[in-house]
Amino acid sequence: MSEADGPGRDGVEPGRRLIRVEHDRGHSLAERLSGRLHALAWRTPVHGLRLRGRQPLKLYDVPADPIEGMVRLGGAMLDGEILWQGESVAIEGYDFRPRAISAAFSDHLQSFAWLRDLSAAGPRQRVAPIAEQLTRRWLDAFGKQVHEAAWRPDLWGRRILFWGCHAPLIMSADDLRGPVLNALNRGAKHLDRSADKAPPGLPRVAAWAGVVAAGLLIPGGEPRQAHGERGLERALQASLHDDGGIVSRSPVDQLDVIGLLAMLRRYYLMREQEPPAALSDALRHAVPPLLGLTLGDGGLSSWQGSAPIDGGRVDAVVSASEVRARPLRQSRDWGYQRLSMGHTRIVADAAPPPVSRFAANSCASTLAIELSDGPYRLIVNCGGGRGANNALNAELANVLRSTAAHSTLVLDDSNSTAVHADGTLGKGVTEVELDRQENLQGSSIEMRHDGYVRRYGLAHRRRVAIAPGGREVRGQDALLPQGRRKRGKTVDYAIRFHLAPEVEVSATADGAGALLRVAAGILWRFRAIGGEVSIEDSLWIDSRGRPQSTRQLVITGPAPAEGVEVTWILARSG
């Protein structure tokens, strides 16, 4: 049975739905009050007494890390360098104190996530000296000193998870075991009080996962474990939509939350305990929407600034979750739609961008699409605006968040939702109307957003349909009158289709289309009706966060007050 067939959670609920963006007003009064009461409760002497005991400071056991590290990155560490998403630091002289690196790279180093890659690079006796050296430096810098760069709740949550899974690399030396255990104990106590202070979404889930892990790892931690499980359940309820998608709408965050929960699950297995229902249910619901964003090569499509993560990494995390599922084709709450016929896969962004309190540096990508033919990517988004490559200069990273960096319509060279340099988004798309249909004629979706209504009096409607067999894709982009149109100003539209680097493109003689050569024997013919077609330069951020030169198809024309319709067709031959 193909992913396009059969009932179940991957099935499609036909019909229309209106998706509105939540007002970005920060934490509600109820959330602030709940967090304040929770913090006060954990400052009482009663709580401190409950966690005290006569247990010796040690670890019950070492849980196995369910995710294999990247040998390439571990090998770089053996050569004296820590690499991550376009940035690097030399191990010699690195002391974890703040320096001129990106905040994301600093967080990676502080979390000790690099232990996973180092452990994959060789036998313990070879890699442990590097882990021990870096651990000593961290203890010297932050073991007893509370500092925002190292003691944020989400960082401590991740650090506890990685320290526990890779304890043999950092605790074998006699002079390190005691200091590491003491630091872990202090970090766990810090998390007891501060986990709910982490921002909602992935950071808060990471913090509470650390509380639970510490309760399972350190003898006498049963009260902490129970407290952590309650906090984790609250965090998961607030961080995942009903369809399992994370509130930041980031595929990389989705992959990350699955990986963290899969690690935490191993802590329960170490103690021969059954994971709580909240954890198991979150994993079961989070995997299908993640798979729904994969293309034919198994890798992730690029949304909300995420890189197109390789299929091997996706497979490793999904395997660690131990959840067997088919891709979710319709995640209405998370906001992505998947069309699949034959070898053709399309992923569409069918929701407003996430609100700022759930995601920094999000993108104005509403109604954009990505398309693949088997293992070959054809139409992509530029990607990389948020965390895919920390070495990108700030101006380029901000440009990659724009509507023009995505395969959708742009009106008057402006963003459908305002993009601010401080990482927030401004006014724009507030609602998306969605209609999804599956029938004998194929699979289709109609989406409409209001991002241009307030400024230009025009709504953007996009229809995309795949014929049976997947050899033809038909689309229509329309600007429809809505609200009031400002007089005296002529605006133009541009419908952009960014192409994957491997695609060779050439214009047709009549200027109304193009030929797209994907691989030997595979050719797609592109044609537009209602606008002029041109070929322009573009770029794409690859799975290692590196910019790759590529091309884009652009359909342009004027947008009169009464609106305009443009039809485009992709037909496969070969």
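This is a predicted model: local features need pLDDT of at least 70, side-chain atom pairs count only at pLDDT 80 or more; totals for chains, interfaces and linings use all residues.
**Figure 1. Gln304, a buried loop residue with a positive phi****.** Gln304 is placed in the loop that lies between helix 14 (277-292) and helix 15 (311-321), where its relative accessible area of 0% makes it buried. Although Gln304 is not a glycine, its phi is positive, at about 50°.

**Figure 2. The aromatic cluster that includes Phe112****.** One aromatic cluster is formed by Tyr94, Phe96, Phe112, Trp114, Trp138, Phe142, Trp151, Trp156 and Trp163. In the model, the count of aromatic pairs comes to 16. One of these is the pair of Trp151 and Trp156, which is edge-to-face, with 5.3 Å from centre to centre and 80° between the planes. Trp151 is buried at a relative accessible area of 6%, and Trp156 is likewise buried, at 0%.

**Figure 3. Arginines over aromatic faces****.** Arg159 lies over the face of Trp156, at 4.5 Å from the ring centre.

**Figure 4. Helix 6 and its buried residues****.** Helix 6 (residues 124-142) has 19 residues, which at 1.5 Å a residue should span 27 Å, and the 25 Å between its end C-alpha atoms agrees with this expectation. An α-helix has 3.6 residues a turn, so residues three or four places apart point the same way.

**Figure 5. Strand 13 and the two strands paired with it****.** Strand 13 (residues 472-481) is mostly covered, with 7 of its 10 residues buried. It pairs in the antiparallel sense with strand 12 (residues 458-466) over 9 bridges, and Ala459 stands opposite Leu480 of strand 13. These two strands form a hairpin with 5 residues between them, and Gly469 in the turn has a positive phi of about 90°. Strand 13 is also joined by 8 bridges to strand 20 (residues 564-573), the two running antiparallel, and Glu472 has Ala571 as its bridge partner in strand 20.

Terms used:
Residues are numbered from 1 along each chain as its sequence is written. Side-chain values use heavy atoms; hydrogens and water are left out. Rings of Phe, Tyr and Trp (its six-membered ring) pair if their centres lie within 6.5 Å; planes under 30 degrees apart count as stacked, over 60 as edge-to-face and the rest as tilted. Buried means under 20% relative accessible area, exposed over 50%, partly exposed in between (1.4 Å probe, protein chains only). A charge sits over a ring if NZ of Lys or CZ of Arg is within 6 Å of the ring centre and within 35 degrees of the ring normal. Helices (H or I, at least four residues) and strands (E, at least two) are DSSP runs, numbered from the N terminus. Two strands pair if DSSP finds at least two bridges between them. The expected span of a helix is 1.5 Å times one less than its number of residues.
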